[in-house]
2 protein chains.
Amino acid sequence: MQKFIVTPWEVKGNIDYDKLIKEFGTSKINDALLERTKKHTKDLHYLLKRKIFFSHRDFDWILNEYEKGNKFFLYTGRAPSSHTHLGHLVPWMFTKWLQDKFKVDLWFQFPDEEKFLFKENLTLKDTEKYTYENMLDVIAVGFDPKRTKFLVDTKHANLMYKEAIKVAKKITFSTAKGAFGFTDETNIGSIFYTSMQAVPAFLPSVLKNKKIPCLIPHAIDQDPHFRVARDVMPKIDQYKPASIHCRFLPALTESGKMSGSEGHTIFTTDSEKEVENKIKKYAFSGGRDTLEEHRKKGGNPDIDISYQYLTFFEEDDKKLEKIYQDYKSGKLLSGELKQITIEKINKMLKEHQKKRDKARKQIDKFLKW
Amino acid sequence: MQKFIVTPWEVKGNIDYDKLIKEFGTSKINDALLERTKKHTKDLHYLLKRKIFFSHRDFDWILNEYEKGNKFFLYTGRAPSSHTHLGHLVPWMFTKWLQDKFKVDLWFQFPDEEKFLFKENLTLKDTEKYTYENMLDVIAVGFDPKRTKFLVDTKHANLMYKEAIKVAKKITFSTAKGAFGFTDETNIGSIFYTSMQAVPAFLPSVLKNKKIPCLIPHAIDQDPHFRVARDVMPKIDQYKPASIHCRFLPALTESGKMSGSEGHTIFTTDSEKEVENKIKKYAFSGGRDTLEEHRKKGGNPDIDISYQYLTFFEEDDKKLEKIYQDYKSGKLLSGELKQITIEKINKMLKEHQKKRDKARKQIDKFLKW
């Protein structure tokens with residue numbers, strides 16, 4: 001059995017998601033929950049059908065409340081420390097779908113102090129630049145500007161700090177140490193930070209002076225923050241936030257998650273040529289060593305990164321199934337599969353980059369509310 | 001030898017100020033420094049002459065810079081958790097004198113989260129109320145509204161939080177533990193808090209984009225905060241703040257400092273009758289057991305709290321000296337000494353309360369800048 005690590009700051013190894021559900025104490029998304037969701041959404045997002053969103057906390061409660069007429073709001077975020085890469089888009093695309101289907105507000109946090117505090121060499125000048133760049137990508141995903149509010153920790157601190165200290169008062173260093181693995185050498189900003197990440201989960205309730213359920217779609221590595229927040233919320237007379245968790249888009253070369261701080265990462269700003277080169281050069285292949293062997297025995301889509309990427313980005317189930325079968329049978333070669341993935345991603349990014357350019361003029365709509 | 005404790009949260013016992021200077025590593029204010037100060041201020045405040053302001057860090061450097069034409073700014077503050085008491089007025093009166101003599105700006109911080117974080121039962125509603133009440137007292141002291149800016153941590157967090165995280169990144173839990181005696185059970189807001197207290201020491205430099213020397217007049221118990229801040233400042237390319245420290249106004253009944261959280265405390269909002277009753281009932285007397293013995297052997301002004309209070313509030317050196325001699329000789333009785341102190345404090349508070357009432361209309365001048 002391979003070892004794996006999943007923390008808010010490090011994801012490594014071949015992740016056993018079932019084991020993670022047990023370790024973190026979350027619930028698996030089962031077919032009954034999907035059917036129940038479908039009653040409201042009519043169809044199901046492919047990220048749900050394919051169990052890329054695979055785990056949750058209290059999503060059933062969110063539906064209970066929704067069915068009683070008590071609408072939730074969505075909260076997700078991005079800690080700016082690099083350009084946006086493909087992995088970031090996954091929860092955002094799904095969040096947009098939830099916003100569209102349930103017609104709910106989204107609070108999108110940019111905790112621009114987080115990575116500054118956790119990364120020795122990252123400056124506030126860096127995070128300011130990436131906050132702007134990342135915002136363009138978020139807007140490009142297509143969130144409803146009337147229903148979406150950006151929260152930038154250093155810029156909205158007048159609203160957030162007062163709420164954060166309510167949370168912080170209820171978290172001992174001992175608890176933070178247990179959840180995040182801090183030591184005596186951790187800086188006191190990093191220790192405090194989780195309080196700021198908790199704020200958007202109840203800020204709308206404070207502003208409207210009534211408790212509103214909160215649903216947080218996010219990659220599973222952020223769960224420790226919200227686990228701590230869920231313990232605190234009832235102590236400050238707020239609902240525990242619910243959450244729904246996705247797997248990580250794997251790195252091109254290996255397991256774990258794609259990370260902006262490693263090489264071979266596909267950024268949303270990459271050119272067609274860059275995408276092509278990265279996938280051709282680095283994408284781990286499930287194909288056979290020789291053409292002959294591949295034709296005879298077939299490839300292994302389950303470990304092939306190009307195929308894995310298609311499961312995250314190819315909406316068409318039938319098309320995906322055909323690629324799976326063709327690759328497995330040996331009809332589709334590794335080079336051909338890579339080409340399909342390159343084209344899919346480049347098509348998607350071309351569209352994204354167009355919207356990203358237009359987003360420059362839209363930022364104020366999301367920031368000033 | 002009696003034990004004593006001086007931390008930002010607790011002051012107890014019979015304080016040996018010379019020992020404190022050694023323990024904290026500050027410098028004693030000597031006559032040469034006083035003479036040098038006098039060159040600029042013409043006269044000396046009685047709190048300096050009487051060595052109630054008795055210790056400093058780099059005050060000589062502040063004068064060096066001032067003499068080179070590099071003006072400093074003043075920074076002091078008040079953590080709102082109760083009404084203002086007489087002890088609070090001491091550093092403020094002295095700070096006003098410095099502002100008047102050197103014609104410098106003052107940044108007055110109201111860290112309204114501090115006591116909320118450190119006191120289990122204090123709510124943000126409490127601290128909001130006391131912030132307002134304390135502001136009235138600060139304004140009543142007579143600071144120049146053109147040169148004085150109020151900083152309220154939760155209200156000015158847009159400015160302060162971004163600066164605080166620069167400080168926080170440079171302080172490990174280990175350092176905070178050493179300076180403040182934190183444990184694993186300390187909440188993460190309290191752990192972070194010192195970063196916010198450091199901010200006013202360099203915020204004016206950030207806003208003006210040039211390094212400006214900072215002088216902090218304060219009671220000696222706050223020194224651990226600024227000791228930590230002084231270590232951090234050069235790492236974020238700012239001057240170490242200088243400071244000048246006063247002794248504590250003793251409690252009526254005992255040694256240690258007057259505290260808003262204990263009984264027998266004289267608040268600035270007390271009526272004449274309340275002041276009279278508190279002093280008559282609680283002020284520890286240095287007089288003899290019987291009238292006869294007192295007339296014969298005299299009283300001990302050095303341990304008499306009524307006399308001690310006069311050293312903090314009676315500006316007239318000659319008057320004070322006469323009271324000292326008369327009490328020591330037995331000419332002045334304990335009841336008479338108490339009466340002098342009652343009258344002095346009531347006269348001062350009457351004046352203060354008038355200004356305090358007018359201050360309600362002036363708050364905006366100090367808050368909005």
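The model is predicted, so local features need pLDDT of at least 70 and side-chain atom pairs count only at pLDDT 80 or more, while totals for chains, interfaces and linings use all residues. Residues are numbered from 1 along each chain as its sequence is written, and chains are lettered from A and ligands numbered from 1 in the order in which they are written.

Chain A holds an open sheet of seven strands in the order β3-β4-β9-β8-β5-β6-β7, with mixed pairing. Helices (H or I, at least four residues) and strands (E, at least two) are DSSP runs numbered from the N terminus, and two strands pair if DSSP finds at least two bridges between them. At the edges of the sheet stand β3 (27-28) and β7 (148-152) of chain A; each has a single partner strand, so one side of each is left without a neighbour in the sheet.

Within this sheet, β5 (residues 73-77) and β6 (residues 106-110) of chain A run parallel and are joined by four bridges. A:Tyr75 stands opposite A:Trp107 in β6(A). Helix α4 (residues 59-67) of chain A packs on the sheet and touches β4 (53-57), β8 (214-219) and β9 (242-246) of chain A; contact means C-beta atoms, placed from the backbone, within 7 Å. The direction of α4 makes about 130° with that of β9(A), where axes are lines fitted to C-alpha atoms, for helices over the stretch in contact, and angles run from 0 to 180 degrees between N-to-C directions.

A:Asp237, in the loop between α12 (223-232) and β9 of chain A, has a positive phi of about 60° although it is not a glycine. A:Asp237 counts as exposed because it has 10 C-beta neighbours inside 10 Å; the limits are 20 or more other C-beta atoms within 10 Å for buried, 12 or fewer for exposed, and partly exposed in between, with C-beta atoms placed from the backbone. In chain B, B:Lys42 has a positive phi of about 70° and is not a glycine. B:Lys42 lies in the loop between α2 (31-41) and α3 (46-49) of chain B, and counts as exposed with 7 C-beta neighbours inside 10 Å.

Terms used: Two residues are in contact if their C-beta atoms, placed from the backbone, lie within 7 Å.
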